[in-house]
Amino acid sequence: MQAVDIFIQQILNGLSIASVITLIAVGVTLIFGLTGIINFAHGEFLMIGGIVTWLAVSAGLGFPLAVVLAILAVGLMGYVLERGIFRFTLERPTNGFIVSLGLIVVLQHVVVLFWNPNQKSIPRPLTTVWDVGGVRIASVRVMVVMITIVVVALSFRMITASRYGRALRASVEDRDTAALMGIPVRRYITGVFVLGSALAGLGGALLIALFPITPFIGGTMVMKGFAVALIGGLGNIYGAVAAGLILGIVEGFSAGYGFSQWTDAYPFVLMILVLLFCPHGLFGGTSGPRMAS
Amino acid sequence: MNNGAEPQGRHSTNSAVPALRSLLPVLVVLTLIALVPLLSPSNRFLSLAISAGINVIALYGLSVLFGQTGILSMGHAALVGVGAYTAAILARDFGIGFWLALPAAALTSAVFAMIVGIPSLRVGGHHFVIMTFAFGQLLAIVLTNGGDYTGAATGLDIVGPVTLFGADMGDLTRYYLMVVAFVAIAAVASWAIINSPYGRTLRAIRENEKLAASLGINVGGHKIGAFVVSGIFAGISGVLLANFLGHISPTQFASFPSIYLALMVMIGGARLIAGPLAGGILVAFLPEVLNLDPVQSRIVYGVCLIAVILLLPEGLIAGIVAAVRKVFVAKPNERQELEHSAVSKASEARR
């Protein structure tokens, strides 16, 4: 019975980690899959979302308001960076990738410069812990999972069912024809980038509600995001959610069963294997980013 | 995308003289650098210069890979790390000294480059850079979790003096001179590769992979070959680094150092034989000149990298050379070259 309890406990813990990973991965899958921008600074976007939340909560604002601020701040940052930097790299994705590596260094160290490199944490926004037959369920984890489900479902609906989503997918399929149909392709690229960034901001806010974060959290998180996005198939939100669940639960288990020092290695190994053996992902996606090429 | 600032590539087929002309300034500058100890510089200056020189050796390898073949590795510090750890482990377990560690580390780094290169290059296009980045990160994690064998997160100490013909090279000035000599060898080696038929093959692959393949060039094999060559440079640079620092740890070879190496090669310009030297020196001494603390200097590096990519994709030095040429438009054949470069840039932009 004890073993079963631990097992269920690890699944539940894994689910909340998986939620944050899924939020990054959905951002990556949309940005990389639909616009072709390889933004490795996406993890830093997440980190900044967490820092904004921390600043807001430290300033005495409530957690919900802090989350909204984080989303807005990171969304705005995404807008500025896309307009100011990434749009000049659309023709050559590799340049965009290198630029994003430069951004990692800049964003990390700007945060360190102003707010020191130490761990930052906020008091848990929800402190209740339910005890269900020996399994302890922290309400804050449930909150994270619920918010993720709602937000990802909304994004999914927007991409698959709305008029904008259809126009967006049309522009991925054939940029020139879409432009001829009167779709403002350029503005859509910016829109997707801002949406993805805002999701990272939300992810950061939820992450700091679960764990303390440092300014250097972005690196491993972005690799998880890319691994999940590639495993799930680029541009495929559905796949990103499924792959995010897998990775989150694997991580929960390995932490629970004493392999935690290898946790950071899984996304890299997974990503290398997926790129090698099924570059289109397990669940199928756009056949690589085409909008930019 | 050959530009006017790199004439040696086009002329080398006809005669060796213009090619030599491109190497000469580098050797002259290196000779001047070797004379610096006569001015009795501070130890801090020498240490900075040694680190810069060690980086430049790896950069010459990167210039063959990126400048000639057009493949960018964002995990290059990992290959330097393989060299450094090889030297440290050989010294610890077998008492093998510096000079034997050099070929051994060159070999292990080359093998590691092949292990990374074969799967990475199978993955087409810009996924390749992501792969090299992932492998680099993975290596740092493996080294951190290697237990006593790799010294885990604290890393390894490397003991044993570096001697040359019985003279102790541990002295800072002597080590400096030795590094300068290694840089010169790396520059000549990289120059020799660039101006050999092999270099031409690599450039053909860079310019048009499909065309190169249709001419019977083994594109995949040569790409891996270029990766292995860059691994040899990285391995040697790693041995020099381990023996200079006396202590190595995984974080020295993780993502930031790789970004840093890419930045240096971008700033200098990967296609010029002077590029790696200029990039390595600029990046090492810039924070010193501007009097920045490490955090500020990293921000400056990041901004520089972004600016160089967006504004001067050929590298800072090549950009300056091109600008100077534009101002003093001189010989008609050079003007033709500039026009040629403009045309190829336009065609590049369309791709």
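Two residues are taken to be in contact if their C-beta atoms, placed from the backbone, lie within 7 Å. The structure is a predicted model, in which local features need pLDDT of at least 70 and side-chain atom pairs count only at pLDDT 80 or more, while totals for chains, interfaces and linings use all residues. Residues are numbered from 1 along each chain as its sequence is written, and chains are lettered from A and ligands numbered from 1 in the order in which they are written.

Between the two chains, 33 residues of chain B are in contact with 33 residues of chain A. On the side of chain B that touches chain A, two or more residues come from each of helices H5 (98–122), H6 (127–144), H11 (255–268) and H13 (294–311) of chain B; helices are DSSP runs of H or I with at least four residues, numbered from the N terminus. The most is given by H13(B), with 11 residues. This side of chain B comprises 24 nonpolar, 7 polar and 2 charged residues, where Ala, Val, Leu, Ile, Met, Phe, Trp, Tyr, Cys and Pro count as nonpolar, Asp, Glu, Lys and Arg as charged, and the others, Gly among them, as polar.

Within chain B, the axes of H3(B) (residues 43–68) and H11(B) come within 10 Å and cross at roughly 70 degrees. Axes are lines fitted to C-alpha atoms, for helices over the stretch in contact, and angles run from 0 to 180 degrees between N-to-C directions. H3(B) and H11(B) are therefore roughly perpendicular; this term covers 65 to 115 degrees, with angles under 35 counted as roughly parallel, over 145 as roughly antiparallel and the rest as oblique. Asn55(B), Ala58(B), Leu59(B), Leu62(B), Ser63(B) and Phe66(B) in H3(B) meet Leu261(B), Met264(B) and Val265(B) in H11(B). The contact of H3(B) with H11(B) has 7 nonpolar, 2 polar and no charged residues.

A further pair in chain B is formed by H8(B) (residues 197–207) and H10(B) (residues 219–245), which pack at about 115 degrees with their axes 10 Å apart. The crossing of H8(B) and H10(B) is left-handed, meaning that the near helix is turned anticlockwise from the far one by less than a right angle, with clockwise being right-handed. From H8(B), Thr201(B), Leu202(B) and Ile205(B) meet Val219(B), His222(B), Lys223(B) and Ala226(B) of H10(B).

In chain A, H2(A) (residues 42–58) and H9(A) (residues 218–232) pack at about 125 degrees, with their axes 7 Å apart, and are therefore oblique to each other. The crossing of H2(A) and H9(A) is right-handed. The residues of this contact between H2(A) and H9(A) divide into 4 nonpolar, 5 polar and 1 charged.
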